Amino acid sequence: MQIGTARRAAVAAAALALTGALSAAPGAAADPPATVVTVNAKAGLATVPDTALGVNHAIWDTELGSTAVSGLLQSAGVQMMRYPGGSYADIYHWQTHTAPGGYVAPNTDFDTFMAGVRRAGAQPMIIANYGTGTAQEAADWVRYANVTKGYGAKYWTIGNENYGNGHYGTAWEADNRADKSPRQYAEEVVAYATAMKAVDPTIKVGAVLTTPANWPDGLVGGGDAGTWNQVVLSIAGPYVDFVDLHWYPGGSTAAEALARTAQIEDIMFLARQQIQRYAGAGADRIKVSFTELNVGVGQNTQPGALFLADAYSALLEQGVFTVQWWNVHNGIGTPSTVAGQTDYNDFGLLSSGTCTANGSVCEPPLNTPFAPYHALKVMSQFAHTGDQLVRAGSPDPLVTAHAARRTNGDLTVLLVNKDPDNARPVSIRYSGYSPSSAAPAVVTFKNGDAAPTSATSGSATAQTLPPYSLTLLTLHPSGSTAGAPNAPGKPFVTTVTDRTATIAWPAAPAGTKPIAKYEVHRQNGTVSEQLGETTSTSLTVYNLNPGSRYTVNVVTRDTAGNVSWSSPPLTFTTGAPATSTCAVRFTDANDWGNGYVGNIDILNTGTTAINNWTLTFSWPTGWQSLSGGWNGTWTQTGSTIRVTPADFNVTIPAGGATSVGFVGSYNGPNILPTAFTLNGVVCSAA
């Protein structure tokens, strides 16, 4: 996450550079300025679940049930394993252990899989066959797993990437139903969930959605009432416990792919916005899983390792309950050299020990760990079950940071250097946490390393990150945290307007001293901005901006001045004013996956004519841009769009209206604007 403004970063960098230049000996090159990393323990994010670190297993993998593999996965801290493997799930019949049209390796049946899961100390996630299966077949699997065998398999997904069944023109996922629409899938999900929960009411059932900003998100198929996500959530939302997403970020280079982890917060915001909008009452209970993830460039070398650590961390920060790498084994592709290392174009964590067809290049021996495996091992040391992830970041896009606070008072800081060529000195600042002055324990995984290395080096406030590396610090607090007050429960919004929000939260248990007050802080990047304080368990905050996203935390302060951990985060968006002298109706009229037609109706709800008007609004993300517009003159400055009238619509009479339109482009999550200003007046929503 970036902090501050470009101007602040430039001024800081210039000041550091000047200091270095003045202190350097004549003719000597100045040391590069340190990148400032900020860790804000007051800006709490999600708590790490016991299902966080996951992987995929596949029935065509001969090593699926081996003790060697389960031992390696246990050593890497794997907490969840998915079965029977991607698109194979939609042709797999568990009772006969067959997958017509596909290869099934020996010793990969369900019981063998579960034996490996148990040896590794993990939990299973099972994909019920939607493509060629039935609700009864899925219910029988639940009965066998949890009643007959007592496996306690809790998480079950209905199908895999079922939007890829040809309904949108591209078909890779098996689907033997004549109707391949999202409505048919949703109605079947209801039937599956009902039958499966009749056997075991304690299981959690998930439905497949498309990931925002990834195909076919935004597309509406012929005869459909909306997008895949809209239709599936509208019908199946009340019957499911989680939704399942996949993400392969794309990019023609490793640098492009690694940069796309910056989209994760907006991806998750849009996914939750869709769930809230379409899934009906109680949508807050619906969780999110990411059960397939891989970088796509440098899969088994350092880009894969950096992407895994960065993406897993960012997704867990946003409350995803499990992130699962594709795959444990996958096999050799087209080899290349990436950052000086041989990349076998293998999506697996472990070597398959295979060779190219002509035998010219062979992978290392079977089950040799690739770089992403070691990154997963670093992740298991970074984020423990029950840790609270907190905001961390830097203004340098090549240096990302994540942090986690432990119940014993320790803090872990994970630093990712995405620069393949240069070491990066970093200066680490802390807010809401005072680290011990002792040198921290440091785990480092560098490009080409056979495994991470451990040392005690540097300080809590200064480290040098090797090129293309992961660096994990484990810090102890400077003093005892015993007796501090407890954090409040998860806050919620009772009312939101264009300018205000009333926030409430469950009371916090006191520590050794009475509670004096609660403080509400807004997360502004990695900086916490206090919005107010109160002795009660609710607060109305004022002077908010219309159509803006806010993430807040609440902390407890006792009579001795001790401060608690932060509450879980609350994210809300302000709206438009209830009344105004103008109103705007905005419509996403046609979306094709990386662009759309936006129609804007401008209504004069006042008593006098509006002449020579100017309409302005801002893109909610940095992934959006203006391609062109009509019925006015359109310009974009930064993220702000400005529209002035054409000759024929200069005046909007009282009670009258005019319409303008544009083509918008996006290369990330397309969060639509909700606040529009006409001649400086914020308009209501029409």
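Figure 1. Strand 8 (residues 287-293) and strand 9 (residues 322-325) run parallel and are joined by two bridges. Phe290 has Val323 of strand 9 as its bridge partner. In this predicted model, the two strands belong to a closed barrel of eight strands, which runs 2-3-4-5-6-7-8-9 with parallel pairing. From one strand to the next, the twist averages 25°. Strands of a sheet pair through backbone hydrogen bonds, either parallel or antiparallel.

**Figure 2. The whole protein chain.** The chain holds 10 helices and 38 strands. Its radius of gyration is 27 Å, close to the 26 Å that the globule rule gives for 686 residues, so the chain is as compact as a globular protein of that length. Along the principal axes, the C-alpha atoms fill a box of roughly 80 × 75 × 60 Å. Of the 686 residues, 53% count as buried. The accessible surface of the chain is about 26300 Å², and carbon and sulfur atoms hold 52% of that surface. Among contacts with a separation of 6 or more, 72% are between residues 24 or more positions apart.

**Figure 3. Confidence along the chain and the stretch 1-29.** The mean pLDDT of the protein chain is 94, and 95% of its residues reach 70 or more. Over residues 1-29 the pLDDT is below 50. Beyond near neighbours in sequence, this stretch has 20 contacts in the model. Where pLDDT is low, the predicted coordinates should not be read in detail.

**Figure 4. Strand 12 and its two partners.** All six residues of strand 12 (residues 388-393) are buried, so the strand is largely enclosed by the rest of the structure. One partner is strand 1 (residues 35-47), which pairs with strand 12 in the antiparallel sense over five bridges. Another is strand 13 (residues 399-405), which runs antiparallel to strand 12 and is joined to it by three bridges. Val390 of strand 12 is the bridge partner of Gly44, and Val390 also has Ala403 of strand 13 as a bridge partner.

**Figure 5. Helix 6 and its cover.** Helix 6 (residues 228-236) is mostly covered, with seven of its nine residues buried. These buried residues are Trp228, Asn229, Val231, Val232, Leu233, Ile235 and Ala236. Their cover includes helix 5 (182-199), strand 6 (204-208), strand 7 (242-247) and helix 8 (264-278).

**Figure 6. Two cis peptide bonds.** Tyr83 and Pro84 are joined by a cis peptide bond with omega about 10°. Pro84 sits in the loop between strand 3 (80-83) and helix 3 (110-120). A cis bond also links Trp215 to Pro216, with omega near 0°. Pro216 is in the loop between strand 6 and helix 6. Most residues other than glycine have a negative phi, and most peptide bonds are trans.

**Figure 7. Two asparagines with positive phi.** Asn345 has a phi near 55°, a positive value in a residue other than glycine. This residue is found in the loop between strand 11 (341-343) and helix 10 (371-382). Asn345 counts as partly exposed, at 27% relative accessibility. Asn543 has a phi near 60°, again positive in a residue other than glycine. The loop that holds Asn543 lies between strand 24 (538-541) and strand 25. With a relative accessible area of 73%, Asn543 is exposed.

**Figure 8. The surroundings of Thr556.** Thr556 lies in strand 25 (residues 549-558). The residue has a relative accessible area of 0% and is therefore buried, the limit being under 20%. Thr556 is 69 residues from Ala487 in sequence, yet their C-alpha atoms are 6.0 Å apart in space. Leaving aside neighbours within four places in sequence, the contacts of Thr556 include Pro485, Asn486, Ala487 and Pro488. Also among them are Ala508, Ile515, Lys517 and Tyr518, as well as Asn562, Val563 and Ser564.

Figure 9. Strand 31 and strand 35 (residues 657-666) run antiparallel and are joined by six bridges. Leu626 has Gly664 of strand 35 as its bridge partner.

Key:
Residues are numbered from 1 along each chain as its sequence is written. This is a predicted model: local features need pLDDT of at least 70, side-chain atom pairs count only at pLDDT 80 or more; totals for chains, interfaces and linings use all residues. Side-chain values use heavy atoms; hydrogens and water are left out. pLDDT is the predictor's confidence in each residue, from 0 to 100. Contact means heavy atoms within 4.5 Å. Buried means under 20% relative accessible area, exposed over 50%, partly exposed in between (1.4 Å probe, protein chains only). Helices (H or I, at least four residues) and strands (E, at least two) are DSSP runs, numbered from the N terminus. Two strands pair if DSSP finds at least two bridges between them. Axes are lines fitted to C-alpha atoms, for helices over the stretch in contact, and angles run from 0 to 180 degrees between N-to-C directions. The radius of gyration is taken over C-alpha atoms; the globule rule is 2.2 Å times the number of residues to the power 0.38. Accessible areas come from the Shrake-Rupley method with a 1.4 Å probe; for residues, only the protein chains shown count as cover.
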